[in-house]
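Please read them alongside the coordinates.

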Amino acid sequence: MIEGKIIKFYREKKRRTQGELVKGICSVTHLSKIERGMTEYSQEIMDMLCERLHIDMVREVTRYHQMKELLDTWQEAIIMQRTAEAIRLKDKLEEEPLTGIPDLRLSCDLLRIRFYLFMNNIDEAEKHIDKIEIPDELEHSYEYYFYHHLMGIYYFLTGHYAKSIQTLTSIDQSKYTNHEYFYHLSLAYHSIYSNITSYYYAEKAIQHFRKTLNMVRIIDTETIMLVQLNSREYHDFPETKRRYDNLIRICDDCGLPDRKAKLLNNLGYEYNRRNQYEDAAYWYREALDIIPEEQPLYLMVLNNYIETSRTGSLMPANKLLDLSLEALRQSDLVEDASYMELELQCVILQGQEKAYYQMIEERVLPYYRELGSKYLAERYEEILFQYYMDHGEKDKALHLAKNRFETQTTTLISG
């Protein structure tokens with residue numbers, strides 16, 4: 001019973017033992033059963049307990065239900081990507097003492113992690129992840145799988161895509177009704193270039209978002225699906241362009257510049273892979289104009305713009321190098337993949353062939369292997385292999401080929 005939880009909460013908050021609270025009212029055993037919701041009680045006893053704790057039970061029960069509704073509203077604001085509302089609700093909940101009641105506390109702790117992940121504040125999320133405990137009796141409950149969902153998001157945001165997939169696929173969807181996690185699974189598979197599986201989970205996610213009228217996530221999921229359609233072969237480009245234009249218009253209508261920037265970048269990529277470099281550069285510039293320079297996305301799009309301009313001979317190498325170096329000087333994202341890729345671009349622009357391949361060998365390839373990014377690791381393995389063969393370093397080439405074979409064999413066996 002809720003009343004028993006409230007009595008226990010305020011008794012412990014006021015640092016009173018059960019014996020101190022019930023003196024002259026009832027037995028300690030009876031209070032213990034009341035607190036655990038295991039017995040009926042008279043209104044007279046409840047009134048005396050409340051008087052001794054200086055609380056109004058009717059008001060406290062009302063607040064308890066309001067807290068549950070507030071927590072549900074907070075989760076909805078996060079899922080629907082309503083940032084300002086999510087921040088406001090977090091601040092409001094921080095002021096509420098009843099969130100210390102065990103069942104509310106667990107929900108609040110889990111949602112607090114979800115909030116910090118939503119805000120991309122990994123440091124704060126980690127602090128709360130380290131503290132949280134899921135009771136053994138809640139194994140396979142909604143809260144249990146919510147925790148797995150959160151860890152899947154955390155692993156994805158920290159670049160551990162294989163761990164993210166392993167964690168998210170362990171969720172029992174019949175017991176965890178927040179099917180938003182299909183979207184995060186699609187993202188994780190997309191990040192390791194598992195295109196068919198990514199598309200499969202994107203389709204499941206978009207069904208959920210359409211039912212819940214989550215327009216922002218519909219745009220996000222449609223974007224993933226467009227990327228997957230064009231991943232292995234060139235999809236009907238006029239149709240692809242039409243769908244991108246439609247999503248961009250929706251972003252303008254809904255006031256979503258961050259989503260628009262990603263779409264513009266993706267559209268630039270579609271032109272670039274068709275060797276239409278001037279068009280690609282145009283769309284990359286459009287994206288750069290609306291992305292804050294401190295964001296990782298800015299460096300990624302800038303790298304794409306410089307790569308396109310270099311490949312298409314749209315700008316002199318010295319100007320592209322100046323752009324790259326200036327962006328690196330201004331950025332604090334030294335641990336991010338986009339920073340490393342831009343550094344690699346600088347080495348290319350300076351014509352330092354040996355340094356280019358050395359950087360791939362010593363930094364880039366180990367980085368993507370550690371992340372579990374199979375596609376990018378294989379891409380740089382192929383570049384290194386060809387370099388070793390062209391320069392007579394057959395032992396290194398053989399070692400690289402052997403390592404790749406062993407990795408593929410392990411994947412097949414474990415799969």
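1. Arg-82 and Glu-85 form a salt bridge, with 2.6 Å between the closest N and O atoms. The term salt bridge is used here for a side-chain nitrogen of Lys or Arg within 4 Å of a carboxyl oxygen of Asp or Glu. Arg-82 is partly exposed, at a relative accessible area of 32%; buried means under 20% relative accessible area, exposed over 50%, and partly exposed in between (1.4 Å probe, protein chains only).

2. This is a predicted model, in which local features need pLDDT of at least 70 and side-chain atom pairs count only at pLDDT 80 or more, while totals for chains, interfaces and linings use all residues. Residues are numbered from 1 along each chain as its sequence is written, and side-chain values use heavy atoms, leaving out hydrogens and water.

3. A further salt bridge joins Arg-112 to Glu-94, the closest N and O atoms being 3.2 Å apart. Arg-112 belongs to helix 7 (residues 102–118) and Glu-94 to helix 6 (residues 83–94), so the pair ties together parts that are 18 residues apart in sequence. Helices are DSSP runs (H or I, at least four residues), numbered from the N terminus. Arg-112 is buried, at 12% relative accessible area, whereas Glu-94 is partly exposed, at 41%.

4. Within helix 14 (residues 237–254), Lys-241 and Asp-245 are four residues apart, about one helical turn. Their salt bridge has its closest N and O atoms 2.8 Å apart. Lys-241 counts as buried at 19% relative accessibility, and Asp-245 as partly exposed at 22%.

5. A network of salt bridges links Arg-59, Glu-60, Arg-63 and Glu-96. The count of salt bridges by this rule is 28.

Methods
Helices (H or I, at least four residues) and strands (E, at least two) are DSSP runs, numbered from the N terminus.
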